[in-house]
Amino acid sequence: MASNKLLRMDNIGIVVESLEEAISFFTEIGLTLEGRATIEGEWAGRVTGLGNQCVEIAMMVTPDGHSRLEISRFITPPTISDHRTAAVNALGYLRVMFTVEDIDELVSRLIKHGAQLVGEVVQYGDSYRLCYIRGTEGLLIGLAEQLSNKSLLKHKTI
């Protein structure tokens, strides 16, 4: 039996109402717009199970070039549910976490752009300072500032 191996994670997808506001917000965090496209037609609907669809997407990339965020705005069919106000302990995909250089400076800038701190910025041992914010359209975003070279993976719980 041949064994297949995972090569990489390509991207995380987020559906929004305003592509322009989301691009602006994630640019403020430090991602770069890699490209935009409109994806439509029956072939795309065969992938998503939505049938004939039209969706505008923007691909954002992290400064290291390794991680991408695909932001989508569905034109057709319309969105059918909204998970943006779900609590941190809700089931399913909930948030994306970014490692940043200066968490206090970034949080201050993002608050000026309408973001809200969910709880508070806290320190985890001597490894990280962490927080959750509600960003553009209420999206839950995690921010982490690494304080040392210690890995959170060495710890059993966060």
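Visitor: Let's start with a single residue. Where is Thr136 found?
Guide: Thr136 sits in the loop between E8 and E9. Helices (H or I, at least four residues) and strands (E, at least two) are DSSP runs, numbered from the N terminus. Before we go on, this is a predicted model: local features need pLDDT of at least 70, side-chain atom pairs count only at pLDDT 80 or more, and totals for chains, interfaces and linings use all residues. Residues are numbered from 1 along each chain as its sequence is written, and side-chain values use heavy atoms, with hydrogens and water left out.

Visitor: Is Thr136 buried or exposed?
Guide: Thr136 is buried, because its relative accessible area is 12%. Buried means under 20% relative accessible area, exposed over 50%, and partly exposed in between (1.4 Å probe, protein chains only).

Visitor: What is Thr136 in contact with?
Guide: Leaving aside neighbours within four places in sequence, Thr136 is in contact with Glu21, Ala22 and Phe25. Contact means heavy atoms within 4.5 Å.

Visitor: Phe25, then. Buried or exposed?
Guide: Phe25 counts as buried, because its relative accessibility is 4%. Phe26 counts as buried too, at 0%.

Visitor: And which residues of H1 are buried?
Guide: They are Leu19, Ala22, Ile23, Phe25, Phe26, Glu28 and Ile29. An α-helix has 3.6 residues a turn, so residues three or four places apart point the same way.

Visitor: What follows H1?
Guide: Gly30 does, and its phi is positive, near 130 degrees.

Visitor: Back to the rings. How many aromatic pairs are there?
Guide: The count is 2 aromatic pairs. Rings of Phe, Tyr and Trp (its six-membered ring) pair if their centres lie within 6.5 Å; planes under 30 degrees apart count as stacked, over 60 as edge-to-face and the rest as tilted. The rings of Phe25 and Phe26 have centres 5.3 Å apart and planes at 85 degrees, so this pair is edge-to-face.

Visitor: Which residues do ring pairs link into a cluster?
Guide: Phe25, Phe26 and Phe98.

Visitor: Now the core. How many residues has the largest nonpolar core?
Guide: It has 26 residues, and those with the most contacts inside it are Phe26, Ile29, Phe98, Ile141 and Leu143. H1 gives the most to this core, with 6 residues. A nonpolar core is a set of buried Ala, Val, Leu, Ile, Met, Phe, Trp, Tyr and Cys residues joined through side-chain atoms within 4.5 Å.

Visitor: What does Leu143 touch?
Guide: Not counting residues up to four places away in sequence, its partners include Met97, Phe98, Val100, Ile103 and Leu106. Arg129 is also one of them.

Visitor: Change of topic. In what order do the 4 strands of the open sheet come?
Guide: The order is E1-E4-E3-E2, and the pairing is mixed. E1 (12-15) and E2 (32-41) are the edge strands, each pairing on one side only. The twist averages 25 degrees from one strand to the next. Two strands pair if DSSP finds at least two bridges between them.

Visitor: In what sense do E1 and E4 pair?
Guide: They are parallel, over 4 bridges. Val15 has Ser72 in E4 as its bridge partner.

Visitor: And E2 and E3?
Guide: E2 and E3 pair in the antiparallel sense over 9 bridges. Ala37 has Ile57 in E3 as its bridge partner. E3 and E4 also run antiparallel, joined by 8 bridges.

Visitor: How many residues lie between E3 and E4 in their hairpin?
Guide: There are 6, and Gly65 in the turn has a positive phi of about 80 degrees.

Visitor: Why is E3 largely enclosed?
Guide: 9 of the 9 residues of E3 are buried, so the rest of the structure largely encloses this strand. Both faces are covered: Val55 and Ile57 are among the buried residues on one side, and Cys54 and Ala58 are among those on the other.

Visitor: Last one. What pLDDT does the protein chain average?
Guide: The average is 88, and 92% of the residues score at least 70. pLDDT is the predictor's confidence in each residue, from 0 to 100. Over residues 150-158 pLDDT stays under 50.

How values were computed:
Axes fitted to C-alpha atoms, helices over the stretch in contact; angles between N-to-C directions.
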